[in-house]
Amino acid sequence: MSHEEQKLFRDLKDICKRAIRQAFAHYLYEVTHSKGGCLTYCWVGASIEAHDTVRDRCGAYDPSSPEELYAMMSAIDNPDAFQTSVNNAYLREAFNASNALVLKSDELTEIAIEFSSSVNLNSICNSLYAGLMQ
């Protein structure tokens with residue numbers, strides 16, 4: 001492939017990744033809110049896109065929409081140490097959510113597999129293609 005074709009391919013690949021991630025954020029948000037539940041996004045020692053020089057930030061936030069969840073998932077990169085060091089029971093206690101389901105990488109992977117088997121990825125790609133051609 002020529003340099004231009006390689007760049008176009010990389011750009012299209014990035015657009016597809018973002019679209020799938022955005023669809024996943026919608027799915028995750030809807031699943032957590034479908035029966036009156038909620039979702040709290042937590043981070044510890046994360047690299048945050050707008051503040052990537054600060055790695056000791058911690059916090060939690062309840063996104064109010066799938067778009068807000070997608071923005072958070074895109075901007076906040078939790079280190080692997082967060083996955084192993086934070087106790088699920090402590091998080092539940094800290095947020096007064098005794099029945100909360102704490103989702104770490106393994107659990108999110110399982111949900112992503114469920115998502116990918118239930119969504120028509122071809123329709124997402126066709127929609128993206130149609131949008132690009134307009």
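**Reading a predicted fold**

Tutor: Start with contacts (heavy atoms within 4.5 Å). Among those in the chain between residues at least 6 apart in sequence, 61% join residues at least 24 apart. This is a predicted model, where local features need pLDDT of at least 70, side-chain atom pairs count only at pLDDT 80 or more, and totals for chains, interfaces and linings use all residues. Residues are numbered from 1 along each chain as its sequence is written, and side-chain values use heavy atoms, with hydrogens and water left out.

Student: How many helices and strands does the chain have, and in what order do they run?

Tutor: Both are DSSP runs, numbered from the N terminus: helices are H or I, at least four residues, and strands are E, at least two. The chain has 6 helices and 4 strands. Their order from the N terminus is α-β-β-β-α-β-α-α-α-α.

Student: What share of the chain is buried?

Tutor: Buried means under 20% relative accessible area, exposed over 50%, partly exposed in between (1.4 Å probe, protein chains only). Of the 134 residues, 23% are buried.

Student: Which residues have the most contacts inside the largest nonpolar core?

Tutor: In soluble globular proteins, nonpolar side chains tend to be buried together. A nonpolar core is a set of buried Ala, Val, Leu, Ile, Met, Phe, Trp, Tyr and Cys residues joined through side-chain atoms within 4.5 Å. The largest one here has 14 residues, and Phe24, Leu28, Tyr41 and Leu69 have the most contacts inside it. Helix α1 (3-33) gives two or more residues, as do β1 (41-44), α2 (66-75) and α5 (105-118). The largest share, 5 residues, comes from α1.

Student: What does Phe24 touch beyond its neighbours within four places in sequence?

Tutor: Phe24 is in contact there with Met73, Leu108, Ile111, Ala112 and Phe115.
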